[in-house]
Amino acid sequence: MTEPPFLFLPRERFQALLDTLAGQGFHCMGPQLHDGSIVYAELAEASQLPRGVRDRQAPGEYRIEAGADARCFAWANGAQGLKPYLFAPQEVLWQAERHAGQTQFHETLPQARPIAFIGARACDLAALALQDAHFLQQTYVDPYYARRRENLFIVAVDCSHPAATCFCVSTGDGPAASAGYDIALVELEEGYVARAGSARGQGVLEQLALGPASAAQRDCATRQNQQAVSAQTRRLPSRNLHDVLFAQLEHPRWQEVAERCLSCGNCTSVCPTCFCHQELEQPQLDGTRSDHVREWDSCFTQGHSYIHGIVVRSETKFRYRQWLTHKLGSWHEQYGRSGCVGCGRCLTWCPVGIDLTEEVAAICGDANE
């Protein structure tokens with residue numbers, strides 16, 4: 001297969017990319033600065049991008065700082081990723097209605113609008129592949145996820161400034177996007193080196209009529225990626241921790257981390273691969289209709305392991321152990337790889353700053369230096 005050409009998108013022409021996508025019927029969603037955080041929202045103008053912004057992240061800490069240049073993607077990631085746009089935080093799966101003594105059931109598939117997601121990182125693309133494996137590639141396809149997935153166009157941006165919490169290099173998922181995108185960009189000072197990853201992406205780039213990236217621009221993009229790799233200091237000791245974790249189920253560290261963990265579920269909410277959920281009924285007061293709802297849940301909640309009068313994981317140490325051994329261990333049995341993509345969000349957005357890489361090092365006996 002022929003490698004797609006590397007093209008150059010000048011910074012001042014980024015608006016043309018947004019306009020081309022909008023002209024094809026896509027609603028562009030992109031990063032913007034709101035209330036001291038980078039979040040994804042409707043993006044109509046390139047001027048809405050977080051220009052000249054950096055993020056500073058540490059376990060339990062997230063801060064926005066001013067940068068020294070005009071770059072719009074010189075930050076690692078925020079709390080959001082692709083997950084909320086595909087696996088909805090809450091949605092009605094079906095409705096039951098009662099008329100004249102009879103009950104009828106109605107499917108409620110979402111009216112998913114076409115979305116162009118601007119700025120996806122390599123870790124989120126790796127997470128998307130895992131979500132696809134769960135919702136699309138099993139015996140039964142999830143039609144709600146599938147409806148949104150088929151309407152998604154992805155513009156990835158290679159990560160040039162990883163946060164101190166990032167460890168995607170050790171999981172093999174970044175910082176450069178390798179698959180799963182329609183268009184991938186590498187941001188340089190003067191613009192973007194662009195490459196297509198799909199026929200749809202190629203069509204968009206052809207409409208922009210871009211010139212080829214110069215050898216100097218391509219070399220700069222390569223050096224920038226190498227610097228992003230070298231900048232990461234956190235890591236996991238192995239990409240397959242199944243055996244060592246399950247051999248340490250009685251390790252005292254589980255209790256030590258439980259004494260700090262709040263069981264709040266923040267880590268599972270921001271994790272781009274977690275898909276635990278609950279389903280419940282929301283009946284109308286007059287008894288004429290009931291909505292069957294699916295909403296995000298967390299293995300850190302007491303109700304998640306409730307079965308017929310008992311809670312299987314009644315203590316925080318058992319919940320944390322379940323999360324970590326599943327994410328890094330038994331995912332290999334289900335999907336052939338770890339469920340962690342090294343995005344570091346669970347570190348940053350943990351209120352008490354629990355560091356997954358530190359806990360794994362303690363339990364597995366690795367120095368993690």
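**Entry 1**

Where is the place of Pro 175? I located Pro 175 in the loop between helix H5 (168–171) and strand S10 (183–187). I note at the outset that this is a predicted model. I looked up this proline for its peptide bond: Gly 174 and Pro 175 are joined by a cis bond, with omega at about 5°. For context, most peptide bonds are trans, and most residues other than glycine have a negative phi.

**Entry 1. Positive phi values**

I next looked up residues with positive phi. Ala 100, which is not a glycine, has a phi near 50°. I found Ala 100 in the loop between strand S6 (90–99) and strand S7 (102–107). Its relative accessible area is 85%, so Ala 100 is exposed.

Ser 263 also is not a glycine and has a positive phi, of about 55°. I placed Ser 263 in the loop between helix H9 (253–258) and helix H10 (266–270). Is Ser 263 buried or exposed? With a relative accessible area of 16%, Ser 263 is buried, because the cut-off for buried is under 20%.

**Entry 2. Cysteines**

How many disulfides does a search of the whole structure find? I record 0 disulfides. A disulfide is a covalent bond between the sulfur atoms of two cysteines. I therefore checked sulfur distances for two cysteines, against a limit of 2.5 Å.

The cysteine sulfur closest to that of Cys 28 is in Cys 72, and the distance of 14 Å is too far for a bond. Cys 28 is buried, at 4% relative accessibility. For Cys 166, the closest cysteine sulfur belongs to Cys 159; at 5.6 Å, this pair also is too far apart for a bond. Cys 166 is buried as well, with a relative accessible area of 6%.

**Entry 3. Nonpolar cores**

I then examined the largest nonpolar core, which has 60 residues. Within this core, Phe 14, Leu 17, Leu 21, Phe 73, Ile 118 and Leu 185 touch the most other members. Helix H3 (residues 122–135) gives the most to this core, namely 9 residues.

I looked up the contacts of Leu 17, leaving aside neighbours within four places in sequence. Leu 17 is in contact with Leu 9, Ile 183, Leu 185, Val 204 and Leu 208.

**Entry 4. Helix H13**

Why is helix H13 (residues 356–364) described as largely enclosed by the rest of the structure? The reason is that 7 of its 9 residues are buried. I list these as Leu 356, Thr 357, Glu 359, Val 360, Ala 361, Ile 363 and Cys 364.

Which helices do the buried residues of H13 pack against? I noted H9, helix H8 (242–246), helix H11 (316–335) and helix H12 (345–348). Just after H13 comes Gly 365, with a positive phi of about 80°.

On the surface I found a nonpolar patch formed by Ile 307, Ile 310 and Val 312. Together these residues have about 280 Å² of accessible area. Ile 307 lies in strand S15 (residues 306–307).

Last, I looked up Gly 203 in helix H6 (residues 199–208). Its relative accessibility is 24%, so Gly 203 counts as partly exposed. Gly 203 and Asp 182 are 21 residues apart in sequence, and their C-alpha atoms are 9.8 Å apart in space.

How values were computed
Residues numbered from 1 in each chain as written. Predicted model: local features only at pLDDT ≥ 70, side-chain atom pairs only at ≥ 80, totals over all residues. Heavy atoms only, no water. Buried < 20%, exposed > 50% of the residue type's maximum accessible area, 1.4 Å probe, protein only. Core = buried A, V, L, I, M, F, W, Y, C linked by side-chain atoms within 4.5 Å. Helix = DSSP H or I, 4+ residues; strand = E, 2+ residues; numbered from the N terminus. Contact = heavy atoms within 4.5 Å. Patch = residues over 30% accessible without salt bridge, like charges linked within 9 Å, V, L, I, M, F, W, Y side chains within 5 Å. Areas by Shrake-Rupley, 256 points an atom, 1.4 Å probe, with all protein chains shown as cover. Salt bridge = Lys/Arg side-chain N within 4 Å of Asp/Glu carboxyl O.
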